[in-house]
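Hi everyone, thanks for coming. I'll walk you through one model today, so please have the sequence and the 3D view open.

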Amino acid sequence: MATRKLLLLPGDGIGPEAMAQVTRLIDVLNSDFNAGFETQTGLVGGSAYDAHGQSISEEDMKLALAADAVLFGAVGGPKWDSVPYEVRPEAGLLRLRKDMELFANLRPAICYPALAASSSLKPEVVEGLDILIVRELTGGVYFGDPKEIIDLGNGQKRGIDTQVYDTFEIERISGVAFELARTRQNKVCSMEKHNVMKSGVLWKEVVSATHKAKYSDVELTHMLADAGGMQLVRWPKQFDVIVTDNLFGDMLSDVAAMLTGSLGMLPSASLGAPDGVTGKRKALYEPVHGSAPDIAGQGVANPIAMIASFAMCLRYSFNMIEEADRLEKAIAEVLNDGLRTKDIMSEGMNEVGTEAMGDAIIAKYRALAA
Ligand code: NAD
C-alpha cells in the first residue's frame with residue numbers, strides 16, 4: 001500500500017494542543033486500520049522564529065512541498081508582537097500558501113444539530129446546514145497592481161487597490177467548485193458584482209463558459225455578492241457550493257462561519273493545481289481559528305476544528321471518503337452525547353477538556369468502524 005506523507009506544523013498557542021489530538025487519531029488509523037500515514041513534524045510561526053529566527057525554515061518548506069498534505073495548527077501570540085515584520089508568525093503561513101500555490105480556499109460551514117441553539121440565527125434556519133464556500137485565494141484586489149497610496153500634492157492622498165482577474169484564474173477556481181459540487185449536492189452558486197465591476201462581468205462569463213464546456217451536469221446559478229450575503233443569513237440551506245473571488249470570499253466565508261456557532265468548530269482547506277504527472281493537488285489543512293493565547297496551555301481548547309480539518313484532508317487529499325464521513329459522524333455523535341469544550345458549553349451539557357474531547361472522538365470513531 002502506498003505511504004501517505006503528512007507534514008504536521010502545530011505552530012503556537014493552542015496549535016500544538018489541538019494537533020496532539022490529530023496525532024493520536026493518526027496513530028489509531030495506522031495501528032487499527034493500516035492507513036499507512038507517515039508523519040514528519042516541523043516548526044512554523046513564533047516557535048520557528050524562536051528556534052531559527054525565521055517564521056518557517058527552508059528545510060520545513062521543502063518538507064511541505066514534498067508532502068502529500070500539510071496539517072497546520074495556528075500561529076502567533078503576544079510574545080512575537082515586536083519581531084521584525086518579515087519574520088512575524090503569519091509570514092510562515094503566507095509563505096506556505098504562496099510557495100505551494102494554494103489558490104483555492106475551501107471553508108465548509110456545517111451546523112451540527114446539537115449546536116443549532118448556539119448560532120445567532122434561529123435553530124430551524126441553521127440546523128443541519130452543510131455548505132461549502134470556495135474562495136479564490138491568490139488573486140484579485142489583495143494582490144493586484146497598482147497597490148499604493150499616492151500624494152496628490154494638494155493636501156490630499158489617494159489609496160489605490162486593483163481588482164484584477166485573468167481568465168485562467170477564474171477557470172481553475174470554478175473548476176474546483178464544480179468538481180467538489182459533484183461530490184455533494186451538485187449545485188454551485190457563483191457570486192460577483194457584474195452590475196458595477198468589469199472583473200465581475202468577466203467572472204460571470206468565464207464561470208458560465210467553464211460550466212458549459214465541462215460541467216453542465218452541475219446546477220449553476222449566479223448571484224450578486226451583496227445579495228448573496230443577505231441570502232446567507234436569510235436562508236443559508238438554499239446553497240450547496242458557493243464560488244467567489246478573494247475579497248467577497250473573505251467576507252462571505254466569515255458570515256457563513258458565524259452561522260455555525262464557535263470558531264473552535266471551523267475547519268478549512270487550501271488546494272493548489274493538480275500535478276501534471278500524478279494528478280494530486282498540493283494541499284494545506286488548518287482550523288480557521290488562531291492561536292488563542294488567552295487559553296493556551298490550559299488544556300481547554302476545542303480540538304474539533306483541527307480534527308475536522310484532518311477529516312477534510314482524508315477526503316480531499318487521500319480520497320478516504322468513508323473514513324472522512326466516519327470521522328465527521330464521530331464528531332456529530334460526541335456532540336449529541338452532550339460533550340462540550342468550554343467555548344461551546346451550554347446548560348445541562350458535560351464540559352470536558354481538549355484531551356477528553358479527543359479521546360471521545362477517537363473512541364466513537366473506533367465504535368463506528370466496528
Ligand atoms: P483566535 O482565533 O486565536 O481567538 C479568538 C477567540 O476565540 C479567543 O477568545 C479564543 O480563546 C477563542 N478560540 C479560538 N479558537 C478556539 C478553540 N479552538 N477553542 C476554544 N476557544 C477558541 O483569534 P485572535 O485572538 O484574534 O488571535 C490570536 C493570535 O492568533 C494572534 O496572534 C493572531 O495573529 C493569530 N491568528 C492566527 C491565525 C492562523 O494561524 N491561521 C488565524 C487568526 C489569528
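This is a predicted model: local features need pLDDT of at least 70, side-chain atom pairs count only at pLDDT 80 or more; totals for chains, interfaces and linings use all residues.

**A walk through the model**

Let's start at Thr162, which sits in strand S7, residues 157-162. Residues are numbered from 1 along each chain as its sequence is written, and side-chain values use heavy atoms, with hydrogens and water left out.

Okay, back to Thr162. Is it buried or exposed? Thr162 is buried, because its relative accessible area is 18%, and buried means under 20%, exposed means over 50%, and partly exposed is in between, using a 1.4 Å probe and protein chains only. Skipping neighbours within four places in sequence, Thr162 is in contact with Gly140, Val141, Gly144, Asp145 and Pro146. Contact here means heavy atoms within 4.5 Å.

What kind of peptide bond joins Asp145 and Pro146? The bond is cis, with omega at about -5°. Pro146 itself belongs to strand S6, residues 144-151. For background, most peptide bonds are trans, and most residues other than glycine have a negative phi.

Asn34 has a positive phi, near 55°, and it sits in the loop between helix H1 (15-33) and strand S2 (37-41). Asn319 also isn't a glycine, yet its phi is positive, about 55°. You'll find Asn319 in the loop between helix H10 (304-316) and helix H11 (321-336). With relative accessible areas of 55% for Asn34 and 59% for Asn319, both count as exposed.

Val241 is in strand S10, residues 241-244, and it's buried, with a relative accessible area of 0%. Which residues does Val241 touch, leaving out those up to four places away in sequence? They are Leu132, Val134, Ala177, Ala181, Arg184, Lys187, Val188 and Cys189. Take Val134: it is 107 residues from Val241 along the chain, but their C-alpha atoms are separated by 7.1 Å.

Next, the ligand. There are 21 residues around it, and Val75, Glu90, Gly290, Ala292 and Asp294 come nearest; a residue counts as near if one of its heavy atoms lies within 4 Å. That shell divides into 10 nonpolar, seven polar and four charged residues. In this scheme Ala, Val, Leu, Ile, Met, Phe, Trp, Tyr, Cys and Pro are nonpolar, Asp, Glu, Lys and Arg are charged, and the others, Gly among them, are polar. Strand S3 (69-74) and helix H4 (89-99) each supply at least two residues of the shell.

Glu90 is in helix H4 and counts as partly exposed, because its relative accessibility is 39%. An N or O atom in the Glu90 side chain is 2.7 Å from an oxygen atom of the ligand. Glu90 also touches Val75 and Gly76, not counting residues up to four places away in sequence. The protein covers 67% of the 800 Å² of accessible area that the ligand has on its own, with areas from the Shrake-Rupley method and a 1.4 Å probe; for residues, only the protein chains shown count as cover.

Last stop, the whole chain. Over residues 5-361 the chain is 40% helix and 23% strand, with the end C-alpha atoms 23 Å apart.

Definitions and conventions: A polar contact is a pair of N or O atoms within 3.5 Å; within protein, one must be able to donate a hydrogen and the other to accept it, and residues adjacent in sequence count only if both atoms are side-chain atoms. Helices (H or I, at least four residues) and strands (E, at least two) are DSSP runs, numbered from the N terminus.
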